[in-house]
Amino acid sequence: VASGAQVGGDLVFGAGQMQMDGTVAGSVLGSTGNYTRGGSVAGSEQVSVQQREEQEPTAADRTLGLLRQYVSVLVVGLLLLWLAPRLLRGAADAVRQRPLASFGIGIVALIGVAVGLVVVLIVTILLTILLALLGLGPLAGATVFAGIVAMAIIAFLLFLTLTFGAPAAVGLGLGRLLFRGGSFGRAFAAMALGVLVVVLVAAIPVVGGWLQLLLVLLGLGALVLAWLSRRSRRLAEQPA
């Protein structure tokens with residue numbers, strides 16, 4: 001009911017939500033899930049607000065969610081094992097051989113990405129203001145667009161790494177405790193088993209979220225260690 005509306009008698013309603021900003025000469029009677037009044041009511045006001053109860057997920061819903069998470073991580077891990085096998089295998093080795101260093105570097109890497117996003121945002125704003133003051137409006141607009149794209153790419157890559165890449169690296173590292181050997185099939189079997197352990201650990205009530213965070217930071221740091229190791233090896237192999 002808009003602010004300029006006037007109801008000469010009573011207002012009786014039943015709605016999912018009601019915003020009553022007008023003037024009611026009589027009484028207001030209704031039932032809704034959300035009621036907001038900014039107007040005036042001359043008579044009585046009897047509004048029943050019924051909060052919608054959220055249904056807890058069933059066991060089938062939880063199982064389906066875990067299955068989706070397991071399959072998603074396994075698919076991304078399979079792609080990494082195919083497209084970047086040295087990176088993923090190196091990260092798995094770091095998980096098993098250097099867990100403390102991997103965890104610490106994971107924390108530093110996460111903080112570094114957050115700081116990088118803030119720096120990109122600040123630089124974009126400053127460049128935009130400077131270009132606008134110089135009268136370079138189109139170039140300022142292009143700078144804003146470039147900054148937004150850069151931040152979106154960084155955030156997207158971080159999301160992929162934390163959600164899929166890091167659990168896949170931890171899963172491969174755990175699975176290789178049982179499945180030895182360097183063949184693709186054995187590595188995939190090891191990752192399938194390890195990722196299952198990671199997903200089940202994350203599903204533990206109360207502490208599962210914290211354990212998942214620890215495993216993600218461990219996997220992130222292991223991926224960074226593996227990438228740095230490959231980079232240093234390539235630099236060492238280049239001729240002077």
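Reader: Does L100 count as buried or exposed?
Author: In this predicted model, local features need pLDDT of at least 70 and side-chain atom pairs count only at pLDDT 80 or more, while totals for chains, interfaces and linings use all residues. Residues are numbered from 1 along each chain as its sequence is written, and side-chain values use heavy atoms, with hydrogens and water left out. Buried stands for under 20% relative accessible area, exposed for over 50% and partly exposed for what lies in between, with a 1.4 Å probe and protein chains only. The relative accessibility of L100 is 75%, so this residue counts as exposed.

Reader: In which helix is L100 found?
Author: Helices are DSSP runs of H or I with at least four residues, strands are runs of E with at least two, and both are numbered from the N terminus. Although L100 lies 121 residues from G221 along the chain, the C-alpha atoms of the two are separated by 9.4 Å. The element that holds L100 is helix α3.

Reader: In what order do the elements of the protein run from the N terminus on?
Author: The protein has six helices and eight strands. Read from the N terminus on, the order is β-β-β-β-β-β-β-β-α-α-α-α-α-α.

Reader: At what angle do helix α3 and helix α4 pack?
Author: Two packed helices are described by the angle between their axes and the distance between the axes. Axes are lines fitted to C-alpha atoms, for helices over the stretch in contact, and angles run from 0 to 180 degrees between N-to-C directions. Angles under 35 degrees count as roughly parallel, over 145 as roughly antiparallel, 65 to 115 as roughly perpendicular and the rest as oblique. The axes of α3 (residues 99–133) and α4 (residues 137–175) are 8 Å apart, and the angle is about 170°, which makes the pair roughly antiparallel.

Reader: How many nonpolar residues are there in the contact of α3 with α4?
Author: Contact means heavy atoms within 4.5 Å, and the residues that meet include L110, V113 and L117 in α3 and L139, A140 and T143 in α4. Ala, Val, Leu, Ile, Met, Phe, Trp, Tyr, Cys and Pro count as nonpolar, Asp, Glu, Lys and Arg as charged, and the others, Gly among them, as polar. With no charged and four polar residues, the nonpolar ones number 16.

Reader: At what angle do α4 and helix α6 pack?
Author: Residues of α4, among them T161, L162 and G165, meet residues of α6 that include L215, V216 and L218. This contact divides into nine nonpolar, three polar and no charged residues. The axes of α4 and α6 (residues 208–237) are 8 Å apart and the angle is about 80°, which makes them roughly perpendicular.

Reader: What is the phi of V206 near?
Author: V206 sits in the loop between α5 (184–202) and α6, where its relative accessible area of 77% makes it exposed. Its phi is positive, in a residue other than glycine, and is near 70°.

Reader: What radius of gyration does the protein have?
Author: The radius of gyration is taken over C-alpha atoms, and the globule rule is 2.2 Å times the number of residues to the power 0.38. Along its principal axes the C-alpha trace spans about 90 × 60 × 25 Å, and buried residues make up 28% of the 240 residues. Whereas a compact globule of 240 residues would have a radius near 18 Å, the protein has 28 Å.
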